[in-house]
Amino acid sequence: MAESSLRSRGFALWVRVAPVVGLIVPICLGVLLAQAFAPPSIKRVVVTTLLNVILVVGFYVFSGNSGVISFGHIGFTAIGAYVVGLLTIPPLMKQVILPDLPSAVAHLSLPSITAMLVGCLVVAVFAAAIGYPIVRLKGVGPGIATLAMLEIIHVVLANWKAVTGGDSTLVGIRIDTTLPVITAWTVVVLICAYAYQTSRSGRRLKASREDFEAARSVGIQVSLERYKALILSAAIMALGGGLYGHYLGSLSPRTLYLALGFLGVLMAVVGGINSLSGAVTGAVVVSALTEALRRFADGFSIGALEVRSVAGVQEVVLAILLLVILVRMPAGLTGGREINLSFLSRIRGRRGPRAPDPGTVEQRVETT
Amino acid sequence: MMTILQYFVDAVALGCLFALAAIGVGIVFGVMRLANFAHGEFIMIGAYALLMFSSLPWEITWLLALCFVALVAVLTERVAFRWLRSADSSTLLVSSFAVSILLQNAVVIAFRSRPRAVPLPAFVGESLDILGLRLPVVSLLAIVLAVVCVAALVVFFKRTSLGLQMRAAAEDFRMAQLLGTRANRVVAAAFAISGILACAVSILITARSGTVSPTMGLTPVLFAFVAVTIGGLGNLVGSAVGGFLVGFITIAMQAVLPPGLSSYMDAFTFLAVIAILIFRPQGLLPSIAVEERV
């Protein structure tokens with residue numbers, strides 16, 4: 001009796017963590033393979049893919065769980081990237097490139113990990129300060145409000161010469177986002193995101209996504225849950241930004257702006273915005289597609305035939321592929337479900353209860 | 001006094017431009033619940049159409065460009081959005097990003113990404129002087145185009161059967177269908193109109209700047225989205241009002257901000273937008289149809 005209850009408790013735990021394990025294990029295996037065998041160019045691709053995974057998961061924590069699309073999340077990334085960059089550039093360097101920097105920051109040079117955590121904290125405080133009015137809006141209101149927020153952040157970053165260097169590129173950031181570093185951060189982010197979505201607050205938020213009025217009628221304070229998710233999600237976006245700066249070694253306001261932001265939203269929707277697995281799948285698939293197309297579009301030669309690259313072809317093909325995916329699978333590649341690993345325990349001959357499906361598929365009212 | 005009047009004229013002209021862009025976005029949103037991000041690309045393609053046909057007399061150039069953009073808009077709906085009509089609004093919006101990337105880069109392939117100059121009819125650069133008030137032809141053009149378009153739209157919505165069907169579809173798409181409205185015709189018509197309005201905006205923007213580039217659609221479509229939202233979604237009058245308001249806010253910021261802060265102008269404009277949204281979450285003129293019944 002005792003053993004069976006222990007078993008079922010073990011099973012319950014396994015069901016609880018299976019989806020996130022199912023994401024972390026393949027990622028780690030892929031990284032191990034790349035670390036052991038792949039040439040540097042492939043390693044770089046893996047690093048950028050994991051950067052995208054972090055950004056898309058950050059976006060998912062708010063928009064995926066709440067069903068409220070935000071277009072401004074990349075703004076959190078931009079702030080995070082600049083904060084982390086400013087904290088880690090060596091003081092001597094800062095005297096040269098940013099002579100007007102306030103002295104409190106000018107003499108600081110933190111280790112990368114500390115700087116990342118400070119960056120997350122700063123952006124979380126920023127999100128906490130401005131977020132509440134935004135999450136109370138309905139319909140497309142939050143979408144437009146976050147877009148406006150992104151514009152404001154962008155204008156400030158591009159013009160505040162004393163601190164950000166203005167429109168010119170901020171250089172001299174230590175390049176230390178290596179494959180093991182970003183893998184570790186990715187695992188941390190996935191665990192945080194998963195812990196949040198299975199927490200009480202996360203489940204309330206998902207309930208409000210499925211049916212706003214029903215959730216309110218059972219006493220869920222939807223705005224409050226959205227507010228919590230926004231803060232966590234902003235912190236993850238900031239981490240992504242910090243890692244991004246430390247991967248490129250330089251920052252400019254234009255790189256962390258609408259184009260990257262839209263790409264993030266697109267990745268999430270392509271993968272399936274209603275589940276963490278969907279966010280990760282979308283980031284990996286779209287990154288891989290982009291990279292494959294880039295290599296192909298860079299021009300290649302078949303025998304004596306030289307095919308030269310034409311600007312724009314890569315993007316056109318990518319856009320067509322994405323449209324096909326969206327038309328064929330409007331709920332995304334994963335259909336909004338989490339990876340279900342509970343069959344693994346059934347292989348050992350135990351018939352456990354079916355795993356509950358955390359991301360219920362929405363029943364849509366067709367409008368045609 | 002004169003300067004205030006001058007600012008007022010500028011604000012009305014800019015407001016007309018934003019209102020045209022906003023109505024174009026709003027009309028498609030009304031029938032399809034699609035916030036069409038590719039509208040910016042319609043504007044950009046309109047500008048390139050003006051460049052393509054620029055060897056002809058300007059009246060014919062403009063007419064051809066209008067038809068061309070309407071055609072592109074209808075084709076876009078036919079090829080991409082028709083398959084997504086039952087998708088939810090976030091999927092629709094994201095597919096409009098994809099369409100926007102597609103159209104933008106198709107233009108990059110055809111014309112390269114460098115900005116190009118557009119030949120303009122000579123009268124566009126002139127300005128009239130009335131009692132010390134400077135009236136650039138560009139501003140007059142904006143006002144005339146806006147008045148013509150809005151008048152045509154009013155006639156269309158009030159006097160034609162298709163207009164009536166479109167209003168019905170905007171109110172309740174399924175009910176309209178049950179009563180015999182053809183969904184494909186109404187949606188195609190909405191896209192055609194939004195294409196024509198987009199091209200009117202292209203005429204105004206190229207008349208102001210004289211250049212075209214593949215990314216020129218981004219700023220107007222952002223402002224149009226903002227205008228549609230603060231005006232009240234699903235309400236065309238609201239969209240127009242929102243467009244005017246954004247124009248007025250922009251000019252007011254230009255007038256009021258000290259020189260040191262003028263590079264932050266857009267930031268203040270968007271701050272004002274957020275403020276409006278916070279105090280009027282449903283927009284200034286909310287439509288009843290958008291609020292879902294429980």
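Residues are numbered from 1 along each chain as its sequence is written, and chains are lettered from A and ligands numbered from 1 in the order in which they are written. Because the model is predicted, local features need pLDDT of at least 70 and side-chain atom pairs count only at pLDDT 80 or more, whereas totals for chains, interfaces and linings use all residues.

I begin with confidence. The model scores ipTM 0.85 and pTM 0.87. Within chain B, confidence is highest in helix H2 (residues 39-52), at 96, and lowest in strand E2(B), at a mean of 81.

Next, the two chains. Helices and strands here are DSSP runs, numbered from the N terminus; a helix is H or I with at least four residues, and a strand is E with at least two. On that basis chain B has eleven helices and four strands. The radius of gyration of chain B, taken over C-alpha atoms, is 19 Å, close to the 19 Å of the globule rule (2.2 Å times the number of residues to the power 0.38) for 294 residues, so chain B is as compact as a globular protein of that length. Its C-alpha trace spans about 60 × 50 × 35 Å along the principal axes. Chain A, for its part, has 16 helices and four strands.

A residue is called buried if 20 or more other C-beta atoms, placed from the backbone, lie within 10 Å of its own, exposed if 12 or fewer, and partly exposed in between. By this criterion 50% of the 294 residues of chain B are buried, and 45% of the 368 residues of chain A.

Two residues are in contact if their C-beta atoms, placed from the backbone, lie within 7 Å. Of the contacts in chain B with a separation of 6 or more, 78% are between residues 24 or more positions apart.

I turn to the interface. Here 43 residues of chain B are in contact with 39 residues of chain A. On the chain B side, helices H4 (89-111), H7 (173-178), H9 (218-231) and H11 (265-279) each supply at least two residues. H4(B) gives the most, with 13 residues. By class, this side has 31 nonpolar residues (Ala, Val, Leu, Ile, Met, Phe, Trp, Tyr, Cys and Pro), four charged (Asp, Glu, Lys and Arg) and eight polar (the others, Gly among them).

Now the interior. A nonpolar core is a set of buried Ala, Val, Leu, Ile, Met, Phe, Trp, Tyr and Cys residues joined through C-beta atoms within 7 Å. The largest such core has 201 residues, of which A:Ile54, A:Val57, A:Leu266, B:Leu20, B:Val69 and B:Ala98 touch the most other members. Helix H1 (residues 2-32) of chain B gives the most to this core, with 17 residues.

Beyond its neighbours within four places in sequence, B:Val69 contacts residues including B:Phe42, B:Ala49, B:Gly195 and B:Cys199. B:Phe68 lies in helix H3 (residues 58-79) of chain B. B:Phe68 is partly exposed, with 19 other C-beta atoms within 10 Å. From B:Phe68 to B:Gly195 the distance is 8.5 Å, C-alpha to C-alpha, across 127 residues in sequence.

Finally, the hairpin. Strands E2 (residues 127-130) and E3 (residues 133-136) of chain B pair in the antiparallel sense over four bridges; pairing requires that DSSP finds at least two. B:Asp129 stands opposite B:Arg134 in E3(B). Two residues separate the strands, and B:Leu131 in the turn has a positive phi of about 55 degrees.

Technical notes. pLDDT = per-residue confidence, 0-100.
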